[in-house]
Amino acid sequence: MFTGIIETLGRVEKLENEGDNLNITISSKITPELKIDQSVAHNGVCLTVVKKEGNAYTVTAIEETLNKTNLGELKVGDWVNLERAMVLGARLDGHIVQGHVDQTATCSAYEEKDGSWVFTFQYDSGLNNVTIEKGSITVDGVSLTVVDSKKDSFSVAIIPYTHEHTRFNTYKQGTTVNLEFDVIGKYVARLLDVRG
């Protein structure tokens, strides 16, 4: 489980195909604290550390993960949002995040306001995921509050700290992001669908 509060960014150092899998090697300041078999969220995708060497570590993404997330689009030199699993007894600063991406979305617009940024994302509503205004959404692993909810799009407002310390400052129109919808909302939607 995660909170959606990004700890740091990691830089993609190497990408290596192994069958249908992709081994992703990342350098990060948290590498010395990581352990083999530890779960780390990468752009909101929970992956297991399988190797450590110096300031870099390696995780493996399977074919299904590559097909359902933006990890298959990574290139050497790209930055990824990183968060280690939450610690029981610690404050839950974001919201409950599983690290299981529901689908991707595309950045359709962004606008700089006076001291903040508003990003709008378009997604396929045919997968029955929904957002609500003032509800929680995870974008590339970042816990955010929805400020404008429509059937197939939503907007979020980004404070300067988040813009500076996450991948948000690299987004432009057409950027693909990972979405994890609020877990409680997913259960409610599923119950309504089953009963309806």
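Tutor: Two strands pair if DSSP finds at least two bridges between them. Strands here are DSSP runs of E with at least two residues, numbered from the N terminus. With that in hand, look at S2 and S5, which pair in the antiparallel sense over six bridges. One example to locate is Ser27, which stands opposite Ala56 in S5.

Student: Before we go on, what kind of model is this, and how are its residues numbered?

Tutor: This is a predicted model, in which local features need pLDDT of at least 70, side-chain atom pairs count only at pLDDT 80 or more, and totals for chains, interfaces and linings use all residues. Residues are numbered from 1 along each chain as its sequence is written, and side-chain values use heavy atoms, with hydrogens and water left out.

Student: Why is S2 said to be largely enclosed?

Tutor: Buried means under 20% relative accessible area, exposed means over 50%, and partly exposed lies in between (1.4 Å probe, protein chains only). S2 covers residues 21–27, and six of its seven residues are buried, so the strand is largely enclosed by the rest of the structure.

Student: Where do I find the other hairpins?

Tutor: Go to S3 (residues 39–42) and S4 (residues 45–53), an antiparallel pair with four bridges. Ser39 has Thr48 as its bridge partner in S4. S4 is also joined by four bridges to S5 (residues 56–61), again antiparallel. In the hairpin of S4 and S5, two residues lie between the strands, and Gly54 in the turn has a positive phi of about 60°.

Student: Which residues other than glycine have a positive phi?

Tutor: Two cases to look at are Asn43, with phi near 50°, and Asn128, with phi of about 65°. Asn43 sits in the loop between S3 and S4, and it counts as buried because its relative accessibility is 0%. Asn128 lies in the loop between S8 (117–122) and S9 (136–139), and it counts as exposed because its relative accessibility is 59%.

Student: How do I read a pair of aromatic rings?

Tutor: A pair of aromatic rings is described by the distance of the centres and the angle of the planes. Rings of Phe, Tyr and Trp (its six-membered ring) pair if their centres lie within 6.5 Å; planes under 30 degrees apart count as stacked, over 60 as edge-to-face and the rest as tilted. The structure holds ten aromatic pairs. One of them is the stacked pair of Phe119 and Phe121, at 6.4 Å centre to centre with 15° between the planes. Both Phe119 and Phe121 are buried. Phe168 and Tyr171 form a tilted pair, at 4.6 Å centre to centre with 55° between the planes.

Student: Are Phe168 and Tyr171 buried or exposed?

Tutor: Phe168 counts as buried because its relative accessibility is 1%, and Tyr171 counts as buried at 4%. Ring pairs link both into a cluster whose members include Tyr110, Phe154 and Phe181.
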